[in-house]
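This report describes a protein structure for a reader who has not seen it before.

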2 protein chains.
Amino acid sequence: ASENGGWERVIPAFRSVCGEDGVSLGEAVREQHGRDESVHRCCPPDVVVWPRSVEEVSALAKICHHHHLPIIPFGTGTGLEGGVGALKGGVCFSLRNMDRVLDLHQEDFDVSVEPGVTRKGLNSYLRDTGLWFPVDPGADASLCGMAATSASGTNAVRYGTMRENVLNLEVVLADGSIIHTAGRGRRPRKTSAGYNLTNLFVGSEGTLGVITKTTLRLYGVPEAMVSAVCTFPSVQAAVDSTVQVLQTGVPIARIEFLDDVMIDACNSFNSLSYPVAPTLFLEFHGTEKSLEEQVTVTEEITQANGGSDFSWARDAETRGRLWKARHDAWYAALALRPGCKAYSTDVCVPLSRLPQIIVETKEDLMLNGLTGPIAGHVGDGNFHCIMVMDPNDQDEVIRVHEFTERLARRALALDGTCTGEHGVGLGKRALLREEMGPLAIEVMQGLKATLDPKNLMNPGKVL
Amino acid sequence: ASENGGWERVIPAFRSVCGEDGVSLGEAVREQHGRDESVHRCCPPDVVVWPRSVEEVSALAKICHHHHLPIIPFGTGTGLEGGVGALKGGVCFSLRNMDRVLDLHQEDFDVSVEPGVTRKGLNSYLRDTGLWFPVDPGADASLCGMAATSASGTNAVRYGTMRENVLNLEVVLADGSIIHTAGRGRRPRKTSAGYNLTNLFVGSEGTLGVITKTTLRLYGVPEAMVSAVCTFPSVQAAVDSTVQVLQTGVPIARIEFLDDVMIDACNSFNSLSYPVAPTLFLEFHGTEKSLEEQVTVTEEITQANGGSDFSWARDAETRGRLWKARHDAWYAALALRPGCKAYSTDVCVPLSRLPQIIVETKEDLMLNGLTGPIAGHVGDGNFHCIMVMDPNDQDEVIRVHEFTERLARRALALDGTCTGEHGVGLGKRALLREEMGPLAIEVMQGLKATLDPKNLMNPGKVL
């Protein structure tokens, strides 16, 4: 900023927008980093601002635009691909003070939230309404941040990802102008009016604008839920079961794969005792009666594929324990090697390609002496290797990096994508280019240049 | 084209790409118009070309680009908003000779199709696979055309629209370059890799590029299906039932509303005898057992809202007859006034706003002496007025036009959209501007200018 008059001129302008307490340098800045510091070097911003309204975001963006200062939107910092790093310095827009739930329409199954509202926060707000928001990436992420990274998670096989569940976005563009991607206040369940701006901004990872409000689709809380665990003789048997369950049309809510290493880690971390073998965690949502049938059909399929009897989690507490074990996979993996750090890498392939890629990946891990338990949303063909490594062992860090590139290229060779839900961020830009081809990348660059000609919005990410 | 050397120089170039039979002037050109000629004046192109491959589409586009000739993509001409009119003359790219079904992956629930493949064509190709493609706009439209207009229809409440069911597109851009919106050959069920180009082109109505291949998500054919008809004392009672059915999580496959005028027309046209009152046509998909429960729950809800007993359609033939009646709504409406023409207009609002907008719209029709039976995909809040009018009665044509604008503005005032599934095309450009606001329109114009700087792709549509 020095070339533009220095921070001493900008900071007072920021303060005049969002107050003394709304602007920070120094210590506060260090808090603003992501959970992904293990692989992506920590790049703190020069300044953090805490706007309290879209008008303040807009006013701050105009100042940044005038002074050519990068803008890095920040929700909860739970992203996994370095999306909140300030590669070129600049101003972190921390949005946690905008934390209102707005415009709940129960009969229409929709609600709007500001960026400070997290997934768990919204569901706790909805507790007495009979409605819920199912997209669940594990972390208690900001819903606007989830929109920005096109998050999904365990429930996506039934309820879709953020792409399918965002009805409208309020976005502040690089020049400070405010748009509503589906028109101000609009919330029809479907539309074919003009270009789909909503889904252009969903997954744009802060590189096209700052999301300041998200209108979401809600769902009725199922009358009943039941979870189960089933063990398989092979990865192939677990995947075959998944394909057949989907083929029969069982509306399964969750179908999560854990490999032998992952289940072993979960057993240790959560004092559980599941057999150490390829495993599916399943969840069924519906009426009591429909659950019976869903479970019967599914169990017939899993048993025909050599699966074990179901181990049940019926009441809320037992189910909670089961899914806590799944969501604690990250910490369970970390516990495998105390003192180490973890990085969860993510690919997605067509279902039929899963056994091949998982088997090859496990061989690769073994061959290279790496610790990388596998967990995944197998109903979508999406899985993660949670890479546990010693950040001080430079050789291991390099081997992990090379492994994640091989994994992504393996997914690309099998008609898949280098990221199913974590996004491109900092680490997968070269892979994105391989995935899309140079012409599609040129189109993306053209869109970016149109919306952000000065390249101020989260620069250095995605493209 | 005269200013660029005249057609006499361009036509031989076209012929050298796609042969003598692949280029036409004169008579053949007249065939290329849409079903919507009643309200949108017929604007035939100067030339029609019938390319046989993406390479030919690309080569033809390059010629057009060089000579500044508009390109109008043409699938089946079943669109309803004037999308295929050649407002500025130019070259119609008729894609029916590209009619291959490609790369069916049964285990992965996906398939790719060229633009000549229609919805019914694909489902008949899939007949023995246990799979189907559910998006059903009524007309036997080209699937690539359905992607281009973001089509949906009766099954969308359960299976989603084209937005949710297109995995990848091959697109020829204005300069003739070929891109794959999700990367060449890629077909993961989800991805967060880069900007969502797929959903930028879905619904772009030929204004950003020519779609030459679409990769679609498929579904398992349900074990059983059953349909029913239920009559209500009021629009409110029918809508309340719909909201409650969705709230309980019944995975209803179709829930279609017909007003008294529409059901009366259907009775006459199809020799049926349903009570002349607000009516729901319902369809349930699932296992035999789950159908029982879905039906019980739904019938309890409809009866609590004063609905009649269900009139059943269980076997395939009776169901076929029922849905034929619904799909024949257009012709049934036309038959109300022999010699007249019809125009189906389309809006979408949040569910809770449906009773108000339908009641107000019926009053408006009555007050203005217009014939406009109402049918709609009530589970999505989307409905159509099929306007039947005498095209030679200029006063009536004007009143219909004014009515459709009032209807759209009524939808906008209720947080809705001016089009749920027909698209903007020619007739709703001013309404799109009201819906989105000037800044979002500027963003759309910026995207258009980036992808098609010469404004050659279906000019005069959408924006």
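## Nonpolar core

The largest nonpolar core contains 181 residues. A nonpolar core here is a set of buried Ala, Val, Leu, Ile, Met, Phe, Trp, Tyr and Cys residues joined through side-chain atoms within 4.5 Å, where buried means under 20% relative accessible area (1.4 Å probe, protein chains only). Among the residues with the most contacts inside this core are A:Leu122 and B:Leu122.

Beyond its neighbours within four places in sequence, B:Leu122 is in contact (heavy atoms within 4.5 Å) with residues including B:Val101, B:Phe133 and B:Leu218.

## Basis of the model

This is a predicted model, in which local features need pLDDT of at least 70 and side-chain atom pairs count only at pLDDT 80 or more, while totals for chains, interfaces and linings use all residues. Residues are numbered from 1 along each chain as its sequence is written, chains are lettered from A in the order in which they are written, and side-chain values use heavy atoms, without hydrogens and water.

## Interface between the chains

In the contact between the two chains, 86 residues of chain A meet 86 residues of chain B. The chains bury about 6900 Å² between them, 56% of it on carbon and sulfur atoms; buried area is the accessible area (1.4 Å probe) lost on being put together, summed over both parts.

Six salt bridges are counted between chain A and chain B, each a side-chain nitrogen of Lys or Arg within 4 Å of a carboxyl oxygen of Asp or Glu. One of them joins B:Glu421 and A:Lys190 (3.0 Å, N to O). Helix H17 of chain A gives the largest share of the side of chain A that touches chain B, nine residues; helices (H or I, at least four residues) are DSSP runs, numbered from the N terminus.

Definitions and conventions
Buried < 20%, exposed > 50% of the residue type's maximum accessible area, 1.4 Å probe, protein only. Buried area = accessible area lost by both parts, 1.4 Å probe. Helix = DSSP H or I, 4+ residues; strand = E, 2+ residues; numbered from the N terminus.
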